[in-house]
Amino acid sequence: MLLRLSRSRLVKRTAYTTFGLGAAYLADAELNASAVTRNLRTLWTCALISADYKLNFTPEHADRIPAIHQRVADRMYDLFTSNGGLYIKIGQAIGANAALMPAPFQQKFARLFDDAPQIPYPTIARVFQREFNKSPQELFAYFDEKAVASASVAQVHKARTWDGDWVAVKVQKPDVGRQTSYDLMAFRAVMWAFEKWVFDLPVYFAVVDFISTHLRAELDFIAEASNAQRTASLVASEPRLAGKVYIPKVYPEYSTKRVLTAEWIDGVRLSDREALGRVVGEKLPEKGGGMFAEHDEKKNGIPESMYHVKLKGGMRAIMYTMVELFSAQMFDWGFVHCDPHPGNIIIRARPGSSPSSKSSSKPVLRDPQLVLIDHGLYVTIRPTVKRQYASLWRALLISDWDTIRNVTESWGVGEAGLFASAVLMRPVKIGRASGSSSRAEKANGDPGKELNAYEQSVRMKERLKRFLVDTDKMPKELIFLGRNMRIVQGNNQSLGSPVNRIKITAYWASRSLVTTHERSSHAWWTRLDARELWRDVLFRTAMFSLDIMFWVSKIRQRVRVLLGLTNGGFEDELERSVRGFARSAFGVEVGPGAFEG
């Protein structure tokens, strides 16, 4: 009798528990966009990762460590793709800095791109009703119910205003706003635990406030509209970029915090390499290198308006303008677009440029124009940091070791050579090593010694701890500057390295130190900084050797094409050099393409 009663109670308790959990799950899904469920998944995954490393990461089990890294990379990738939304952005941030992480992380995160299924039109209509108190059909003369693109945070629809203008309407997915606070809270907790309990590495500093603030800002489309308008004004004021770069016009009357309407642009996306090759009349490498090599190209094709157009200057003109644009943002304006991936860059014929051919049988030659879209993620660089960053770039090219050390020490960086290599994305060995640097070299052990997986990880950890000496001093802007630089490098590499990216960037850095950039009616020579002129002369002399390296690389590239060999460019050669540097400095093998993403 007692046994039957206890069984009955157990059945009832099980039923009540199941019902309660089911009700909580449904309530979370309906009221919180599954935020609680997502964060429980996050905490569970991170607990498994912590336990795996704590229990199995030992010198006795060094042969098992590659398998641990693979399990952890799989769990993190599955977590980011399952949760979606802001987790994709976080995963991309990790992927953009995965060069010195174990190989499984490099391979997994190289495939983490910001594509997502589109949400149904009725959901979009409800967003419009909340934001405008009108349906899309009432607000616009035409609104395509099917999205032309969909990402983790928003999706884009094509529409036409009542004035007849074609526009791109970016609509934020409703769940994202409700999930963000929970997601960032969980991310903070996990990073804090990883720093204090698991890895004993200063990883939390980068998350607190700075990254969280900028990720939140991506969800404010009013701020994005303001970024676009400010960048358009800056481009128009720069003679070297005006006309070559275009920022689509924003329609404030059709924009809110969750809906952004901007001018529709017909052109070829940089991600569609096949179409881009046709409009410039060049054959691109069969397999582009760089961080976008393994991503399927988005083949949007060539718009009708460009069917009979050939763009002047080829890939070199396009990449030259791109590197100049982002160099101006970093060194002159101090206002940097931090997500310049190929999907956010459109190439079109410059409106109003004079055609160079009257014959209907030949393509019309037109000047290219680079259109930059998606202005949600920007970082503002403080004037002091901007000048230090420019000084560092120039010092790296003319081997000014004192300046390099002064800048890196003021930023709380203990490994000047490692930091310099990360900035240039090519190996840099600081000359005339100081006593502390010499001790650091000895601490690394014999660089030629073969290390097992455990020893590799320990060496990397110790080197990174010496690198991040004082995280309070390090300018947090560098996190996003590094992301911009790596993506631009990946763009250049994927197009066959048509330009000497390092040289172009370094010239802008040096010019920004020589010339002040305040608005002034005075002649240009009155704005020169005499103290910097001599250093600029030395810098320009040093650039000659870099030019030689670049053109030797281009000759090798042409010879390889003629011989039918792999067509690697200047950026590919830099990648091989950096992989060798990582092997000697850390004793680790870096996978191909890791330093481009």
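This is a short chat about the predicted model shown above.

Reader: Quick overview first. How many helices and strands are there in the chain?
Author: The chain has 21 helices and 13 strands.

Reader: And what percentage of the residues is buried?
Author: Of the 597 residues in the chain, 52% are buried.

Reader: Contacts next. What share joins residues at least 24 apart?
Author: That share is 72%, counted among contacts between residues at least 6 apart in sequence.

Reader: Which way do strand 4 and strand 6 run?
Author: They run antiparallel. Strand 4 takes in residues 166-172, and five bridges join it to strand 6.

Reader: Which residue of strand 6 is the bridge partner of Lys 170?
Author: Leu 260 is the partner of Lys 170.

Reader: And what does Glu 224 touch?
Author: Glu 224 touches both of those residues, Lys 170 and Leu 260. Asp 374, His 375 and Gly 376 are also on its list, which leaves out residues up to four places away in sequence.

Reader: Where does Glu 224 lie?
Author: Glu 224 lies in helix 10, which spans residues 221-237.

Reader: Does Glu 224 count as buried or exposed, and why?
Author: Buried. The cut-off is under 20% relative accessible area, and Glu 224 counts as buried because its relative accessibility is 4%.

Reader: Switching to rings. How many aromatic pairs are there?
Author: The count comes to 13 aromatic pairs. One of them is Tyr 53 with Phe 57, with ring centres 6.1 Å apart.

Reader: Why is the pair of Tyr 53 and Phe 57 edge-to-face?
Author: Planes over 60 degrees apart count as edge-to-face. The planes of Tyr 53 and Phe 57 are at 75°, so the pair is edge-to-face.

Reader: How do Tyr 251 and Tyr 254 pair up?
Author: Their aromatic pair is tilted. The rings are 6.4 Å centre to centre, with 50° between the planes. Tyr 251 is buried at a relative accessible area of 7%, and Tyr 254 is buried at 11%.

Reader: Which residues link up with them into a cluster?
Author: Ring pairs link Tyr 251 and Tyr 254 with Tyr 121, Phe 128, Phe 132, Phe 140 and Phe 143.

Reader: Now the largest nonpolar core. Which residues touch the most other members?
Author: Those are Leu 276, Leu 325, Tyr 389, Trp 393 and Trp 411, in a core of 109 residues. Helix 12, residues 314-333, gives the largest share of this core, with 11 residues.

Reader: What lies apart from it?
Author: Another core lies apart, of 17 residues. Among them are Tyr 121, Ala 159, Val 169 and Val 171.

Reader: Last one. Where is Arg 269 found?
Author: Arg 269 is in strand 7, residues 268-269. At 22% relative accessibility, Arg 269 counts as partly exposed.

Methods:
Residues numbered from 1 in each chain as written. Predicted model: local features only at pLDDT ≥ 70, side-chain atom pairs only at ≥ 80, totals over all residues. Heavy atoms only, no water. Pairing = 2+ DSSP bridges. Helix = DSSP H or I, 4+ residues; strand = E, 2+ residues; numbered from the N terminus. Buried < 20%, exposed > 50% of the residue type's maximum accessible area, 1.4 Å probe, protein only. Contact = heavy atoms within 4.5 Å. Phe/Tyr/Trp six-rings, centres within 6.5 Å; stacked < 30°, edge-to-face > 60°. Core = buried A, V, L, I, M, F, W, Y, C linked by side-chain atoms within 4.5 Å.
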